[in-house]
Amino acid sequence: MTTTIDPVPATFVPDERTMDVTVLGAGVVGVATAYAAARRGLSVRLVDRASGPALGTSFANGAQLSYVYTDALGSPALWKHLPQLLLGLDPVFRMHWLFDPDSLKWGLAFLRNTTASRFRENTLAVLELAMESKSAMDALLQRHRIEFSHSAPGKMHLYHDAGALRRAEAIAAIKQRHGVVQQVLSPREAAAVEPALEGVTGLVGVMHSPQEEVGDPHRFCVELLRVLRERYGVQACFETDIDDLVREPDAITLATRDGRRLRSRQLVVCAGVESTRLAHRLGIRMPLMPMKGYSFTTRCGPHTPVTSITDTTRKLVFCRLGDQLRVAGLAELGVRDIAVDPERSDLLVALARESLPAAANYDAIESRWAGLRPMTPSSMPIMRQVQDGIVFNVGHGMLGWTLAMGAGERAAALLAQR
């Protein structure tokens, strides 16, 4: 069974109309960028090759809005596990290295970001963007009523290893100086806050972030796009493959494979890992590496947690969305195939059942999904003007849903500067 998708009719803009901005990519980052630009009074066209918004990486991700958990992927702790990762012995996190120049450069840059100083610097840089994103989301929801199973149930990270918990406490202490609210709970204290954790064995402690939020990213994009069309006049071109980009004296033209020419004064690229192809055409190296992840969605079980849960040992998340539970996890760095591998998907279900056996109806899964998360070596997204009138807003990694609104604001600010 697959998740129902509301139809979003394609709107094709007349070829001769020149918009202020074209946003390429209609995932959460693209839709948020379109909103930030339209709110500034710019005419906006949103373009995507899919049949509607958020049908790629944004469709069924973990659904957590992790505004305070912004830890960079590269850290000193990674070195201990690196031999196991390189040999493919970790069933949860796999690395598939490609020996082309771009992949090798990415790998070396990633390793340079595993020092203690860079881990701290990168984590705090993402935290700053996340706080901007939370403020932007709050402002949006004050202006427009959007239904996307949004709530603020808090978040708990479960730790089964004392060393990992100590490292989490150390970075939490740094974040607290920046206004973040996090605290370590004993297993008993955690179960008092979240009864679904009663009886979970092997826990040494839980990091509780009481203000964290959740929401359905696909539903968010569908609803926000309706607002963009009705209130801001944003035009959307779906099922539109871009074949070429042409620079003109007063505009940038995207040539489509079916012969249309979409003109705008400025362009923002928000196409995830696919952005590298356009970057190459512009003579730019965009350091993005795909990281494949999986999720499944099913009905809640007899003891579904209300709090958003992250099992740090099994590297998976549980996120309640109304009467459904979204479980996401697994990481395959360097994989570009978006097909759902049944064996890997079954592993995710087995890990979830092992972690919280009563959280979901694991025998009646409604949908399974896989997507590619665009990773930078530093875990910090790339938001910059790469050429006159062309901005890239890419590389949000595993926090695309969390960072989308803030990244959209930064990208729109670059447009306004021009």
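1. Start with strand β5 (residues 155-159): five of its five residues are buried, so the rest of the structure largely encloses the strand. Buried here is under 20% relative accessible area, exposed is over 50%, and partly exposed is in between (1.4 Å probe, protein chains only). Strands are DSSP runs of E with at least two residues, helices are runs of H or I with at least four, and both are numbered from the N terminus. In a regular strand the side chains alternate between the two faces of the sheet. For β5 both faces are covered, with K155, H157 and Y159 buried on one side and M156 and L158 buried on the other.

2. A word on what you're looking at: this is a predicted model, with local features needing pLDDT of at least 70 and side-chain atom pairs counted only at pLDDT 80 or more, while totals for chains, interfaces and linings use all residues. Residues are numbered from 1 along each chain as its sequence is written, and side-chain values use heavy atoms, with hydrogens and water left out.

3. On confidence, pLDDT is the predictor's own score for each residue, from 0 to 100. The protein averages 93, and 96% of the residues score at least 70. Watch residues 1-13, though: pLDDT stays under 50 there, and the model gives that stretch 35 contacts beyond four places in sequence. A contact means heavy atoms within 4.5 Å.

4. Back to β5 and its neighbours, where two strands pair if DSSP finds at least two bridges between them. β5 runs antiparallel to β7 (residues 205-209), joined by five bridges, and pairs in the parallel sense with β14 (residues 308-311) over four bridges. H157 is a handy landmark: its bridge partner is M207 in β7 and T310 in β14.

5. G62 is worth a click. This glycine sits in the loop between β2 (44-47) and β3 (64-65), and at 16% relative accessibility G62 counts as buried. V317 is 255 residues away along the chain, yet the two C-alpha atoms are separated by 6.6 Å. Leaving out residues up to four places away in sequence, G62 touches V317, C319, R326 and A328.

6. Next, helix α3 (residues 101-112), whose buried residues are S103, W106, G107, A109 and F110. They cover an arc of only 165° around the axis, which puts them on the same side of α3; the arc is taken from the directions from the helix axis to the C-beta atoms. P101 and L108, on the other side, are exposed. The buried set packs against α2 (78-86), β13 (289-299), β16 (324-333) and β17 (367-375).

7. R344, S345, L348, V349, L351, A352 and S355 are buried. Seen down the axis, the buried residues of α9 fall within an arc of 160°, so they line one face of the helix. P342, E343 and E354 are exposed on the other side. Partners for the buried residues of α9 include β4 (93-95), β14 and β15 (316-321).

8. S345, at 2% relative accessibility, counts as buried, and its side chain makes a polar contact with that of R368 (2.8 Å). A polar contact is a pair of N or O atoms within 3.5 Å; within protein, one must be able to donate a hydrogen and the other to accept it, and residues adjacent in sequence count only if both atoms are side-chain atoms.
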